[in-house]
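Subject: Structure for you to look at

Dear colleague,

Here is the structure that I promised to hand over. Please open it beside this email, and then read on for what was found in it.

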Amino acid sequence: MNTSYVWWAIAIYIFISLLIAFMSRTGNQNNMVGYFLGDRKLGGFVSALSYSATTYSAFMLVGLAGLTYRGGVGALGFELIYLMGVSLIAFFGPRFWVVGKKYGYVTPSEMLGDRYQDKRVAIIVAISSCLFLIPYSAVQLTGVGYLLSGLTNGGISFSSGVLIATVMAILFSYIAGIRSVAWTDSLQAIFMIISSTLVILILINGLGGFNGFFHTLETKYPESLSVPGNGFFSFFTFIGMTIPWMFFSLSNPQVSQRLYMPASMKDLKIMILGFMIFGVIYTLVAILWGFSATIMFPDLENVDLATPLLLSSDIVPPILGVIVMVGIMAAAISTIDSILLTLASVFAKDVYGNIKKKSSDKMQLRIGKIIIPIIAILAYLFAEMELSIIALLSVASSAGLIIVVPAIFGTFFWKRGTAKGVLASVIITGLIVICLEAFQWKPLGLASGIWGLILSTSIFIIVSLLTKAPVEKANEFIDTVKVALQAEKRK
């Protein structure tokens with residue numbers, strides 16, 4: 001594809017996005033709630049689109065398409081199980097929203113620290129989030145790098161693509177905090193879903209229509225339509241990838257933090273429903289995208305280049321290819337800036353705020369803004385390592401984040417849970433997961449994410465039973481949620 005087309009498209013995208021970001025500068029930007037949660041006043045429609053753009057990042061049209069190319073239809077099962085896991089948000093979302101509004105929580109780790117009555121819980125969970133989310137941020141940057149370099153046949157280098165995404169994420173985060181991110185996310189989500197759907201329809205039509213498309217797959221690549229197919233999606237591989245992903249909506253703080261942002265319970269429900277609809281459509285598009293690459297480019301060594309090659313193919317009109325390229329890049333950037341804001345708020349509120357106990361809200365906000373570019377630079381350096389496959393790196397990050405899931409369940413449903421149980425489960429299991437990932441060990445054939453969930457749950461329960469629980473706070477917390485949800489049902 002002509003490199004000048006790509007540069008012009010990037011320039012137009014940057015101009016429009018920055019304009020929207022500056023127009024979103026309303027409300028109070030001078031405190032933690034205003035900057036990181038949008039004053040808890042986001043509407044349902046904007047929340048749904050923002051949630052979608054944040055969740056469906058470079059992972060989908062680059063990572064999931066590449067995973068489909070690599071392993072076939074098993075990738076569809078992998079992603080559908082994730083969508084099933086989103087039902088957890090339908091269950092936990094109202095609970096997060098209720099306690100967030102009542103107690104003024106800014107971050108999920110702050111909620112855990114208060115519920116278990118120990119500031120160390122907030123600090124350790126916050127540090128754990130930073131540790132495992134930076135590689136996931138790098139995945140998004142890597143996706144943009146592969147996309148731009150592949151689309152222009154090296155006209156735009158991998159490093160240039162990564163640098164552009166890093167700078168844009170920092171800018172969007174700084175301009176108006178989460179409000180600018182939410183509004184630019186909304187633009188990006190609409191842009192992304194429409195353009196990618198158009199391209200897949202054009203691709204399928206160019207490959208013989210739906211009948212011809214699937215006939216080619218059945219006759220030439222039958223292994224792509226079965227599980228385990230070519231052997232990639234063995235039972236243990238499939239389980240190891242899907243379990244961490246199923247809990248993504250709870251374990252990833254940049255996602256769960258958004259449950260504090262809707263203006264009302266109604267807006268929260270609209271957000272969840274809108275996201276589910278968006279997710280089903282986008283999942284099918286990404287899977288068909290991967291199948292298209294299988295037919296057109298059967299011998300790729302780097303599967304993350306499947307999408308760039310599709311967009312630069314003769315079947316896709318150059319203008320539409322550029323539009324989709326911008327949509328994918330925008331989705332990746334929306335995920336990065338959401339992670340930057342979440343990790344900045346987590347560090348400022350839960351690490352700095354608990355160490356410097358008399359720090360003011362304004363000082364915490366100032367620290368959060370300082371942290372944003374530092375995290376972005378770390379993610380940039382990680383991305384420059386050019387690790388792949390994107391989908392597998394994403395799952396590896398989720399494997400590390402899953403260790404906090406038992407503590408979240410205990411927050412709302414187990415009064416016997418204790419701070420020492422949380423600390424032991426997060427610290428011990430976190431170190432084990434890091435070792436398993438670093439040395440690529442799979443005891444009994446099970447991936448690190450499975451061991452992370454098993455061990456963190458076991459340790460949390462055992463240590464909690466051996467230590468004293470904050471029963472008074474647990475009763476208050478659970479009763480608050482119960483009363484609020486009952487009141488909501490009566491409306």
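Leaving aside residues up to four places away in sequence, Q254 touches T54, L133, Y136, F248, S338, I339 and T342, where contact means heavy atoms within 4.5 Å. Q254 lies in helix α14 (residues 253-256); helices here are DSSP runs of H or I with at least four residues, numbered from the N terminus. Because its relative accessibility is 1%, Q254 counts as buried, a word used for under 20% relative accessible area, with over 50% called exposed and anything in between partly exposed (1.4 Å probe, protein chains only).

Before going further, please keep in mind that this is a predicted model, in which local features need pLDDT of at least 70 and side-chain atom pairs count only at pLDDT 80 or more, while totals for chains, interfaces and linings use all residues. Residues are numbered from 1 along each chain as its sequence is written, and side-chain values use heavy atoms, with hydrogens and water left out.

Next come the aromatic rings. A search of the whole structure finds 20 aromatic pairs; rings of Phe, Tyr and Trp (its six-membered ring) pair if their centres lie within 6.5 Å, and planes under 30 degrees apart count as stacked, over 60 as edge-to-face and the rest as tilted. Among them is the edge-to-face pair of Y116 and F460, with 6.2 Å centre to centre and 90° between the planes. This pair links distant parts of the chain, since Y116 sits in the loop between α7 (108-115) and α8 (119-151) and F460 in helix α22 (residues 448-466), 344 residues apart. Y116 counts as buried at 2% relative accessibility, and F460 counts as buried at 3%. The rings of F232 and F233 also make an edge-to-face pair, because their centres are 5.0 Å apart and their planes stand at 85°; both F232 and F233 are buried.

Finally, which residues make the contact between α6 and α15? On the α6 side they are I89, A90, G93, P94, W97 and V98, and on the α15 side M265, L268 and I272. By class, this contact has eight nonpolar, one polar and no charged residues; Ala, Val, Leu, Ile, Met, Phe, Trp, Tyr, Cys and Pro count as nonpolar, Asp, Glu, Lys and Arg as charged, and the others, Gly among them, as polar.

Notes. Helix = DSSP H or I, 4+ residues; strand = E, 2+ residues; numbered from the N terminus.
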